[in-house]
Amino acid sequence: MKVLFVYPDIGVRGGARSYQFGIGLLSALLRTRGHATSLYYMFGDYNPAALKRAVAMYQPGLIAFSAVSPQFRFVKQIFKDLAPFPAFTILGGHHATLAPECLQTIEGLDAICIGEGEYPLLELVETLERGGEASAIPNLWVKTRNQGIAKNATRPFTENLDTLPFVDRELFDYQAIINSDFHTAQFMFSRGCPYNCTFCSNHALRERQDGKYVRFRGVPSCLAEIREVTGRYRMRALYFNDDCFTTHRNFVDEFCTRYSEEFALPFAINARPETLNDDICRVLKAAGCQRLSIGIESGSESFRQKVLGRRQSNERIVAAFAAARRAGIKTKSFNIVGFPYETPAIFQETVDLNERIQPDSVIIGIFEPYPGTRLAEICLQEGFLPSDQPDAWFLGRMDTILNMPAFPRRAILRCFRNFAFNVYKKSAPLKAFFYKAYYSAAGERLIRLLAPVKDLLRRLVMGV
Ligand code: B12
Ligand code: SF4
């Protein structure tokens, strides 16, 4: 059967193209079973006419949408503008998994998939191909002829990730993605995260299926994929986009030893502070790790523990950044402003902690309530949200939808715009001014204008 994937990536800050690992895996598995796949990547602006042409030209037997919550409203719009489609339609990804009731809100959408989609999608394709009934496939919610919805239970998480094929990068214009992302190729070697931060989707995803949630691929499989990708595309660096690459020390040791025997490309990873010390940083550096992205999220120890579910002291965070610096690895901190119950005074502690640590670069976003998360529930209970319909909750992490008298919108925006400037204004005024422009109201236009020299700017500001 011919399957057309649709990946909306509309209006996302920065204008870089992105790769979607979920679609990459689904496509790879379908292809190994002899099915044909194609992709309509809706990048930049919303353009339904071009999708209509793509459907007419490709004539798929199945149209498979993938969307995170902030992109769901575009999927809805696509159906308003183009339905009925001449094929069975299904939506998967984080939004369908965490807010499955969304199926009812789209006329013309036939089904949604909850959780990992490889085997549910394969089963759907094979069922449709032989003219069978799709309503009993585990993980799928399917609209029935009598206006009802068949809600099937989920199967367990795929236990051994090595049994899955490598992601299909050919489906996307993968070289263009590398080029637009600082000449970096991205990989994911694991699924799940052992922590339970209340603002992140992980704790909600873990509850959607049974079985082991945190899984890593074996090192030989990771290296084989790197070998294949570096052999096929041009790049200057790699980014291992796992939620926490350093979750298992054994994995890090084995990976680093074998990676450095074979590859010379620098790489970057994400890590939790409590997994970092001098020893692991030395191992990472020796293998080529050039940057560590570490979540601080909030600089207030008590707020982090009580509201965000992150039990770690400020001293542990400071020690993690210091260990990376001693090893010669650049650092980047992730921060959020506008959490429920946050106040300007609590946020000031985030500025203070970053000022003390002086990461090589910082990034900040405005809190968004992702469906199914504890913090989204709290926002609803406390009346911080204007409606209970998630479609309206997302503003690209650059504005807030929350109505909190103790931290009004204008104050949140001010904190967001000035955060990085305040972190660096004493230690690195030039960097501080660059960040001021980057996070200003005109920042998005500036980013696009400076796109041709963004590599140079990144080296100047971040050192990598
Ligand atoms: C890598 C990543 C990115 C990358 C790649 C984008 C992408 N869409 O994958 C980049 C950096 C570009 C990115 C950007 C954004 N991201 Co992001 N990202 C991640 C991350 C770390 C991993 C996702 C991943 O690759 N997982 C592995 C793959 C294999 O799993 P998967 O994508 O979920 O796909 C599986 C299933 O969902 C399902 N499935 C998926 N699609 C479909 C379709 C069909 C038809 C079927 C049947 C099944 C199916 O089957 C797949 C295979 O099992 C997650 C956190 C996490 N650990 O999940 C956040 C996450 C997905 N991102 C998130 C967000 C909010 C964003 C942004 C909106 C942020 C922003 N404002 O800029 C953008 C949106 C970009 C976009 N258009 O999608 C949120 C989404 C929350 C939510 N409820 O929707 C997450 C969960 C992080 C969080 N805060 O909790 N992201
Ligand atoms: S450590 Fe990061 S990825 Fe893991 S649950 Fe917390 S925010 Fe999510």
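1. Ground rules. This is a predicted model, so local features need pLDDT of at least 70 and side-chain atom pairs count only at pLDDT 80 or more, while totals for chains, interfaces and linings use all residues. Residues are numbered from 1 along each chain as its sequence is written, and chains are lettered from A and ligands numbered from 1 in the order in which they are written.

2. Start with E8 and E11. Strand E8 (residues 184-187) runs parallel to strand E11 (residues 237-240), with four bridges between them. Strands here are DSSP runs of E with at least two residues, helices are runs of H or I with at least four, and both are numbered from the N terminus. Two strands pair if DSSP finds at least two bridges between them. Ala-185 has Leu-238 as its bridge partner in E11.

3. Move on to E12. E11 also pairs with E12, again parallel, over three bridges, and Leu-238 sits opposite Phe-267 of E12. Between E11 and E12 the chain passes through helix H9 (residues 249-262) in a right-handed β-α-β crossover. Right-handed means that, with the strands pointing away from the viewer, the path from the first strand over the helix to the second runs clockwise.

4. Then look at E13. Strand E12 (residues 267-271) is joined to E13 by five bridges, in parallel, and Ile-269 partners Leu-292. With helix H10 (residues 278-287), E12 and E13 form a right-handed β-α-β unit. E13 also pairs with strand E14 (residues 330-337), parallel, over six bridges; there, Ile-294 partners Ser-333. Seven of the nine residues in E13 (289-297) are buried, where buried means 20 or more other C-beta atoms within 10 Å of the residue's own, with C-beta atoms placed from the backbone.

5. Which residues are closest to ligand 1? They are Ser-18, Gly-22, Ser-66, Gly-92 and Gly-117, out of 38 that surround ligand 1; the cut-off is a C-beta atom within 6 Å. Helix H1 supplies the largest share of this shell, five residues.

Definitions and conventions: A residue is buried if 20 or more other C-beta atoms lie within 10 Å of its own, exposed if 12 or fewer, and partly exposed in between; C-beta atoms are placed from the backbone.
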